[in-house]
Amino acid sequence: YWETAFNMFDKHPLFGIGLGNYAFYFKESLPTKFYRLPEITRQITPVEGRDRLITPKNLPARLLAETGILGFMTFMSFILAVLGCTLKLYLSPQTWFKEFGIGALLSIFVFLVIIFSFDSFAIPNMWIVFGLITAAAHLSDKNQDAPVGV
């Protein structure tokens, strides 16, 4: 599935094929050597009552295929901004923000590991964690005058 996603990216490198269109371009981008595999045959053979959505189960591969290099770089810039908020919290002299920064670093590490096993923006876990990280970083801006260790 990843190789198919990269084939789609090769054909449409700048803007990709459009969000949610991976399944529509799957057959034409699938390398011919994989047509013989039973898993692939089962996925692409239409059967009444069995609708399947084919996805690469890899967020970076799907982003590259569906949004191209521009969409991929935009999302990676967002991740870098969240990482910046995380480092700001971690390097804070205030204990509470430093502890939140440690949790944020662990969350970013987990995110970087699991993006290779899911491919959807609809999973709320990452958005909730990213929201908590950016909110805490925003709160740390307002509490710059608070005493150290509070």
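Predicted model: local features only at pLDDT ≥ 70, side-chain atom pairs only at ≥ 80, totals over all residues.
Local features need pLDDT of at least 70 and side-chain atom pairs count only at pLDDT 80 or more, while totals for chains, interfaces and linings use all residues. Residues are numbered from 1 along each chain as its sequence is written, and side-chain values use heavy atoms, with hydrogens and water left out.

**Helix α4**
- Helix α4 spans residues 59–90; helices are DSSP runs of H or I, at least four residues, numbered from the N terminus.
- Its 32 residues would reach 46 Å if straight, but the end C-alpha atoms are only 27 Å apart (the expected span is 1.5 Å times one less than the number of residues).
- A kink of about 125° is centred on T67, the bend being the angle between axes fitted to the seven residues ending there and the seven starting there.

- R62 and E66 form a salt bridge, with their closest N and O atoms 2.8 Å apart (a side-chain nitrogen of Lys or Arg within 4 Å of a carboxyl oxygen of Asp or Glu).
- The two residues are 4 apart in α4, so about one helical turn separates them.
- R62 and E66 are both buried (under 20% relative accessible area; exposed is over 50%, partly exposed in between, with a 1.4 Å probe and protein chains only).

**Helix α5**
- Helix α5, residues 95–114, reaches 29 Å from first C-alpha to last, close to the expected 28 Å.
- F97, G101, A104, I108 and F111 of α5 are buried.
- These residues lie on the same side of α5 because they cover an arc of only 80° around the axis, taken from the directions from the helix axis to the C-beta atoms.
- E99, L106 and F109 are exposed on the other side of α5.
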